[in-house]
Amino acid sequence: MKRRLVLFGFFLAGALLMGVGGGIAFGEYSSFRYLGETRVGREHMVTETLSVTRDPEKPFSIETGGWNWQNVHVETDSTLPDDTLVFQVEYNEMAVTPYIEREKSGMNRESFFLWSDVNGDLEVLWECKDELLEDLKQRSFHSYEVSYWGDVTVRMSEQAAGLLENRDFFH
């Protein structure tokens, strides 16, 4: 019986210490300041021009690999032939390698996909680590958004612009 009372005392002491530890942790956490969102991965940005040819008679679409459509701009350029699309792509050269893939959908349509191979996130991870540790020393924190892409401008002739099917990002 005495043994059970001793074990019950240890249990109560452990529960009390857990409550005190949880209260201290909550107090510490609630004293932190939230500094908003910050973008990482935008270092080492370069702009590259990629060109593709297309069938000037067929409608076509431009697709991206799931990144933000707000960064895609389409412009008409009277100096370009009707069968050429020119992509000016801004990206982090240390993190991604862009390329364009062409897909033919039957006889009536073409799609051009702007994709990228991810070269590695280790550098961004270490940059975030240093910033996070500095923020913790200052009793504050950010939420981090990783973004390796800048603006993408797609230039094409007036005739090609008339055959573009997804005109949502036409500025």
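Helix α2 is followed by Arg139, a residue with a positive phi, near 60 degrees. The model is predicted. Mean pLDDT over the chain is 85, and 91% of the residues reach 70 or more. Confidence is lowest in α2 (residues 122–137), at a mean of 80. Confidence is highest in strand β2 (residues 45–53), at 94.

Helix α2 has 16 residues. From its first C-alpha to its last, the helix reaches 23 Å. This is close to the 22 Å expected at 1.5 Å a residue. Three residues of α2 are buried: Val124, Cys128 and Asp135. Seen down the helix axis, these buried residues fall within an arc of 30 degrees, so they line one face of α2. They pack against two strands, β1 (33–40) and β8 (140–146). The face of α2 turned away from the buried side carries Leu122 and Lys137, both exposed.

Four strands form an open sheet. Their order is β2-β5-β9-β4, and the pairing is mixed. Strands β2 and β4 (72–76) stand at the edges. Each has a single partner strand, so one side of each is left without a neighbour in the sheet. From one strand to the next, the twist averages 20 degrees.

Glu75 stands opposite Arg155 in β9.

Technical notes. Residues are numbered from 1 along each chain as its sequence is written. This is a predicted model: local features need pLDDT of at least 70, side-chain atom pairs count only at pLDDT 80 or more; totals for chains, interfaces and linings use all residues. Side-chain values use heavy atoms; hydrogens and water are left out. pLDDT is the predictor's confidence in each residue, from 0 to 100. The expected span of a helix is 1.5 Å times one less than its number of residues. Buried means under 20% relative accessible area, exposed over 50%, partly exposed in between (1.4 Å probe, protein chains only). The arc is that of the directions from the helix axis to the C-beta atoms. Contact means heavy atoms within 4.5 Å. Two strands pair if DSSP finds at least two bridges between them. Axes are lines fitted to C-alpha atoms, for helices over the stretch in contact, and angles run from 0 to 180 degrees between N-to-C directions.
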